[in-house]
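Q: How does one read the packing, pockets and backbone of a model from its coordinates?

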Amino acid sequence: MTAGLYAARARLNTRLMEKISPGGQVLTTDWVDNYPGFPEGVSGFELVDRMRKQAERFGLEIVRGEVTRLSREDDWILVHMTESTLRTRAVIVATGTIPVKLGIPGEIEYTGKGVSYCATCDGPFYRGVEVAVVGGGDTAVEEALYLTRFASKVHLFHRRDQLRATGILREAVTTHPKIQIHWSTVLTEIHADDRKLVRGVTHLDLKTGQTGQLPVEGVFLFVGQTPTTSFLQGFLELAPGGYVDTDLEMATVQPGVWAAGDVRSKVLRQIVTAAGDGATAAFNAEKYIETRFGYSHAPKTTGAPAGVAS
Ligand code: NAP
């Protein structure tokens, strides 16, 4: 969204290609407490809405559709979508990440029937019942805390005896009266009833080797993220884990292609760092178009659009 804002404000003819809805994971985040300028915090939905309105005020055009592949044609980059192809001078890849699957029996079968990757989306369905959360990172802990609004009890399963999540979240989760942390414990199976609705989990204590069962009705999995880069295969060499390597200017090894946000190889994946990446990428894309092709401020219908894939 920030790349789109900066590119549109630089008067580049800019399109943001979006598969579902602009905002990505922020949209499914209940509350954002660490984005500057919001002293009381802000809901993920509101932050996205404000970003979209701000970018659209400068003329950012948001196009619905899925980018399936990129290719080159001389100095042009072709952005192949399911139903059309866009020819552009510059592309900023800002496709983020999606949740990793845990890979245990019951996970795929019961997704949407008790297994979820989004507490903000599904939490209200679990009023007054017990739920399980898996993971020890920021996402798992934030979502476990959110689920305490609805569930009678939240069981947090973490495979180690130390949380990866940041200090303030660790404090909140370890002292919350509705949350029970099962240290060094993993889930091995998710069970359902005849209607295929989740009714329990089997867990394994990695230190003692003991197994047990719990009668939960919701299982929320937050065991990490994987980058959305399959559409780049064959076009851009990817780093281990599928992330996109860039230099400090957000440039990839492909001329005319930048990357911004969680999809990049980087240490800190936050909304504020993604926004910084997006601004840097758009600034450099503008300079590239200006110096290499001798034009900017392209007229909307005939100029060379800069694409932001989100
Ligand atoms: P993450 O930091 O990679 O944490 C994934 C968690 O899942 C880890 O605790 C990991 O255990 C556990 N895990 C991984 N594979 C597992 C398996 N097979 N079985 C059981 N547990 C497994 O992922 P994330 O929490 O989604 O966060 C992603 C990025 O977004 C991070 O950079 C995070 O800081 C950022 N983020 C920030 C905020 C915020 O600032 N408010 C909110 C959400 C996310 P180990 O600890 O043992 O590896």
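Predicted model: local features only at pLDDT ≥ 70, side-chain atom pairs only at ≥ 80, totals over all residues.

Q: Which residues have the most contacts inside the largest nonpolar core?
A: In soluble globular proteins, nonpolar side chains tend to be buried together. Here the largest nonpolar core has 23 residues, and Val133, Val154, Leu156, Val173, Ile179 and Phe220 have the most contacts inside it.

Q: What does Leu156 touch, leaving out residues up to four places away in sequence?
A: The contacts of Leu156 are Val133, Gly135, Ala140, Leu163, Val173, Ile179, Gln180, Ile181 and His182.

Q: What volume does the second largest pocket have, and which residues line it?
A: Rolling a probe the size of a water molecule over the atoms shows where empty space is left. The second largest pocket has a volume of about 180 Å³. Its lining consists of Met1, Thr2, Leu5, Tyr6, Tyr35, Phe38, Leu47, Arg50, Met51, Gln54 and Ala55. By type, these divide into eight nonpolar, two polar and one charged.

Q: Which helix gives the most to that lining?
A: Helix 1 (2-9) and helix 3 (44-57) each supply at least two residues. Helix 3 gives the most, with five residues.

Q: What span should helix 7 have at 1.5 Å a residue?
A: The 23 residues of helix 7 (residues 271-293) should span 33 Å, and the end C-alpha atoms are 32 Å apart, so the two values agree. Among the buried residues of helix 7 are Asp277, Asn284 and Glu286, along with Ala275, Tyr288, Ile289 and Phe293. Gly294 follows helix 7 and has a positive phi, near 70 degrees.

Q: Where is Asp74 placed, and is it buried or exposed?
A: Asp74 is in the loop between strand 5 (67-73) and strand 6 (76-81). Although not a glycine, Asp74 has a positive phi of about 55 degrees. Asp74 counts as exposed because its relative accessibility is 70%, and the cut-off for exposed is over 50%.

Q: Is Met250 buried or exposed?
A: Met250 has a relative accessible area of 7%, so it is buried, the limit being under 20%. Met250 lies in the loop between strand 18 (225-227) and strand 19 (257-259). Its phi is positive, near 75 degrees, in a residue other than glycine.

Key: Residues numbered from 1 in each chain as written. Heavy atoms only, no water. Core = buried A, V, L, I, M, F, W, Y, C linked by side-chain atoms within 4.5 Å. Buried < 20%, exposed > 50% of the residue type's maximum accessible area, 1.4 Å probe, protein only. Contact = heavy atoms within 4.5 Å. 1 Å grid on protein atoms, 1.4 Å probe; cavity = no way out; pocket = protein on both sides within 12 Å on 5 of 7 lines; lining within 4 Å. Points joined across faces, edges and corners; volume = space filled by probe spheres on them. Helix = DSSP H or I, 4+ residues; strand = E, 2+ residues; numbered from the N terminus. Nonpolar A, V, L, I, M, F, W, Y, C, P; charged D, E, K, R; others polar. Expected span 1.5 Å × (residues − 1).
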